[in-house]
Amino acid sequence: MKEELFASGRQIPDIDPYLNVWHWQIPLYLFLGGLAAGILFFAALFTILGKENEMPAAVKKAPVIAPIALVLGLFALFLDLKHKLFFWQLYTTFRITSPMSWGAWVLMAITPLSIIWVASYLKEIIPGWKWKFSILDDFEAFVIKNRIGLAWIIIVLSVILGIYTGILLSAFNARPLWNTSILGPLFLVSGLSTGAATILMMSKSATERRTMSRIDLLLIVIEVFFIVHMIMGFQAASQVQIDAAQLFLGGQFTVTFWVFVIFLGLVIPAAMEVLELFDFHIPVVIPVILVLLGGLMFRFIMVEAGQITRYLY
Amino acid sequence: MRYAMAIDTRKCVGCSDCVVACQLENDVPIGYCRDWITETVDGSYPNVEIELRSERCNHCDNSPCVRCCPTGASHFEEGGIVVVTKNECIGCAACIQSCPYDARYSHPDGYVDKCTFCLHRVKEGLKPACVSVCPTKCLYFGDLDDSNSEITNILKNRKFKTLAPEAGTKPQIYYLT
């Protein structure tokens with residue numbers, strides 16, 4: 001039997017007895033960032049495919065959510081900083097080995113681009129919208145002319161943003177639960193799924209709904225596959241990661257993880273979307289809300305549980 | 001130059017003098033500490049082994065905190081000492097998350113703080129505060145690249161271990177066993 005105890009006064013706030021320096025701000029941001037990445041990905045994708053008119057909600061309406069989510073997410077990140085007035089130091093350098101530096105710069109690029117994207121469709125969303133200055137009209141004409149180019153930039157940035165929300169955690173090898181490279185793709189797929197669900201809720205066209213519902217179903221299946229893959233990976237890894245997986249397989253996060261993330265967040269909405277395929281009509285808002293809550297819970301659980309896991313020596 | 005510390009777990013009595021010396025020398029806020037004592041009990045009475053360790057930042061060669069820092073506030077100083085520049089630190093806690101030894105903390109003023117091997121003393125040719133006060137002389141500090149230094153010799157002649165070497169950080173605190 002091995003027992004370890006601190007003999008001298010280590011009672012450091014947020015660190016002892018369990019690390020808990022990241023509170024609600026980080027998982028909320030990871031969710032909002034993933035959601036924005038998902039929405040922008042589909043807006044750009046359908047523009048590149050030339051389907052603006054078949055997919056009006058995905059291309060024109062839903063992107064309104066993206067800059068709002070990004071700004072809220074950035075604000076949450078700002079709240080998380082403990083040396084707030086020095087936040088600009090992020091933008092005096094680029095650290096290629098630091099995921100957080102990548103994220104800061106990607107957000108710096110994608111937030112204004114998403115606002116430009118939404119602005120270029122304002123006249124179509126709000127009838128009678130007029131810009132106050134003629135220079136804005138000129139700029140709008142320029143954006144509309146180069147929309148495909150903008151879509152290519154946004155699609156690349158949105159994938160980086162979506163993956164980054166996972167890599168941010170997986171880069172910390174000191175936290176075994178996070179230290180798996182599948183977390184990047186997993187968070188990307190989860191973000192795309194929440195984005196697809198949001199578009200599904202905002203769409204009024206039957207064909208668009210059918211397409212988005214099928215895409216979301218596919219994404220949910222991939223997500224389940226990735227989660228199984230992640231847990232199998234932990235089981236085949238070193239002791240610290242076997243212990244990390246135990247948090248979900250009998251440990252203290254078992255119930256929250258399986259009930260809220262897997263069952264309510266993935267299985268039930270997937271089942272509803274399958275029923276929809278066979279023409280059983282279910283109010284679309286139910287699977288959408290479940291997918292969104294599931295995505296949010298997933299990030300909260302991963303951030304909370306990950307901070308508990310550590311190397312033992 | 002490669003500064004490192006060796007700690008003799010057979011001589012350490014866990015008196016916490018190093019902890020207090022550090023707190024005084026470095027103005028560590030009350031309730032926080034840059035070094036601490038760990039007591040590991042192995043077995044049950046009467047077959048018990050106890051190991052006492054004075055722990056602190058390992059000033060790793062492959063420091064995850066320096067790698068993860070988004071602003072470059074966490075950086076290497078001379079001899080591989082890992083230091084945080086206050087005015088570049090944004091308090092994002094990425095380095096706290098990345099440290100397998102939980103050696104860092106958020107200072108109440110916002111920036112992240114940790115052991116500096118008393119860089120200000122080392123620059124003047126003095127030993128770190130913890131080393132200079134240790135009543136059992138169980139702490140050794142010096143340059144590993146200097147083949148005549150006390151620490152090089154003691155690591156040549158004694159068995160030692162490092163903490164969580166499997167984390168891949170190449171820690172530079174050596175525990176003599």
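1. Chain B of this predicted model contains 6 helices and 10 strands. Its C-alpha atoms fill a box of roughly 50 × 40 × 35 Å along the principal axes, and its radius of gyration is 16 Å, which agrees with the value near 16 Å that a compact globule of 177 residues would have.

2. On burial, 63% of the 177 residues of chain B count as buried. The accessible surface of this chain comes to about 7100 Å², and carbon and sulfur atoms account for 50% of that area. When contacts in chain B between residues at least 6 apart in sequence are considered, 56% of them join residues at least 24 apart.

3. As for charge, chain B carries 19 positive and 23 negative side chains, and the centres of these two sets lie 4 Å apart.

4. Two peptide bonds deserve a look in the model, given that most peptide bonds are trans. In chain A, a cis bond joins A:Asp16 and A:Pro17, with omega about -5 degrees, and A:Pro17 belongs to the loop that runs between β1 (2–6) and α1 (25–48). In chain B, B:Tyr45 and B:Pro46 are likewise joined by a cis bond, with omega about 5 degrees, and B:Pro46 is found in the loop between β2 (36–44) and β3 (47–55).

5. Backbone phi angles raise a related point, since most residues other than glycine have a negative phi. A:Asp14, which is not a glycine, has a positive phi of about 70 degrees and sits in the loop between β1 and α1 of chain A. B:Asp102 also has a positive phi, near 50 degrees, and is placed in the loop between α3 (94–98) and β6 (105–106) of chain B.

6. Are these two aspartates buried or exposed? A:Asp14 has a relative accessibility of 31% and therefore counts as partly exposed, whereas B:Asp102 has a relative accessible area of 7% and is therefore buried, the cut-off for burial being under 20%.

7. Just after α1(A), A:Gly50 adopts a positive phi of about 75 degrees.

Conventions. Residues numbered from 1 in each chain as written. Chains lettered and ligands numbered in written order. Predicted model: local features only at pLDDT ≥ 70, side-chain atom pairs only at ≥ 80, totals over all residues. Heavy atoms only, no water. Helix = DSSP H or I, 4+ residues; strand = E, 2+ residues; numbered from the N terminus. Buried < 20%, exposed > 50% of the residue type's maximum accessible area, 1.4 Å probe, protein only. Rg over C-alpha atoms; globule rule 2.2 N^0.38 Å. Contact = heavy atoms within 4.5 Å. Areas by Shrake-Rupley, 256 points an atom, 1.4 Å probe, with all protein chains shown as cover. Lys, Arg positive; Asp, Glu negative; His and termini not counted. Charge placed at Lys NZ, Arg CZ, Asp CG, Glu CD.
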